[in-house]
Amino acid sequence: MLRLWSLHPSFLDRKGILGVWREGLLAQKVLLGKTKGYINHPQLARFRNTEDPVLYIGTYLYFIYIEGANRGYSFDIKKIIKYDTNLRIELTIGQLYFEYKHLLKKLEKRDPQKFNEDIKRKPEPHTLFKLVEGGIEPWEKSAD
């Protein structure tokens, strides 16, 4: 299941950062109209609701690339079509906390050390997002 985390990528474990890079590239492909899969995926709504969805998903990917580089991963920046580090999308506080709890459940099972680090931290948004008041986003599938 595609998950484009709203959390800052520093919260993600190895599996999470590798997965979000791969899934972000897939999302970019979907938004470019180059694949038939995932075209109606609800998490793409926030990118589709921008004036340039490919630019916004590229910016999302750019910050994943930076986190990966900081960890020594060799993500290929040339795979990002375009990006602008000044862009921001609104993210509700409710969505941020929903994803934080969701990630902690995953980490508790697959990476207890990362879980113990992250549970002590206040959730922070991915750099693309700016926090606004509100609950869980309408596109969220809580069964994810």
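Buried denotes a relative accessible area under 20%, exposed over 50%, and partly exposed the range in between (1.4 Å probe, protein chains only). The model is predicted: local features require pLDDT of at least 70, side-chain atom pairs count only at pLDDT 80 or more, and totals for chains, interfaces and linings use all residues. Residues are numbered from 1 along each chain as its sequence is written, and side-chain values use heavy atoms, with hydrogens and water left out.

View 1. Lys 114, at 11% relative accessibility, counts as buried, whereas Glu 117 is partly exposed at 40%. The two form a salt bridge (a side-chain nitrogen of Lys or Arg within 4 Å of a carboxyl oxygen of Asp or Glu), with the closest N and O atoms 3.9 Å apart. Because Lys 114 and Glu 117 are 3 residues apart in helix α5 (residues 112-118), about one helical turn separates them. Both belong to a network of salt bridges that also links Asp 118, Arg 121 and Glu 124.

**View 2. Salt bridge between Arg 3 and Glu 99.** The closest N and O atoms of this pair are 3.6 Å apart. Arg 3 lies in the segment before α1 and Glu 99 in helix α4, so the contact ties together parts that are 96 residues apart in sequence. Arg 3 and Glu 99 are both buried.

**View 3. Salt bridge between Asp 52 and Lys 82.** Here the closest N and O atoms are 2.8 Å apart. Asp 52 sits in the loop between α2 (45-48) and α3 (53-70), and Lys 82 in the loop between α3 and β1 (89-92), 30 residues apart. Asp 52 is partly exposed, with a relative accessible area of 22%; Lys 82 is likewise partly exposed, at 35%. The structure holds 9 salt bridges.

**View 4. Patch of positive charge on the surface.** Lys 15, Arg 22, Lys 101, Lys 105, Lys 106 and Lys 109 gather in this patch. The elements giving it two or more residues are α1 (14-31) and α4 (93-110), and α4 gives the most, with 4 residues. Patch members have over 30% relative accessible area and no salt bridge, like charges being joined within 9 Å and nonpolar side chains (Val, Leu, Ile, Met, Phe, Trp, Tyr) within 5 Å. Lys 15, found in helix α1, counts as exposed at 59% relative accessibility. Helices (H or I, at least four residues) and strands (E, at least two) are DSSP runs, numbered from the N terminus.

How values were computed
Accessible areas come from the Shrake-Rupley method with a 1.4 Å probe; for residues, only the protein chains shown count as cover. Lys and Arg count as positive and Asp and Glu as negative; His and the chain ends are not counted. The place of a charge is taken as NZ of Lys, CZ of Arg, CG of Asp or CD of Glu.
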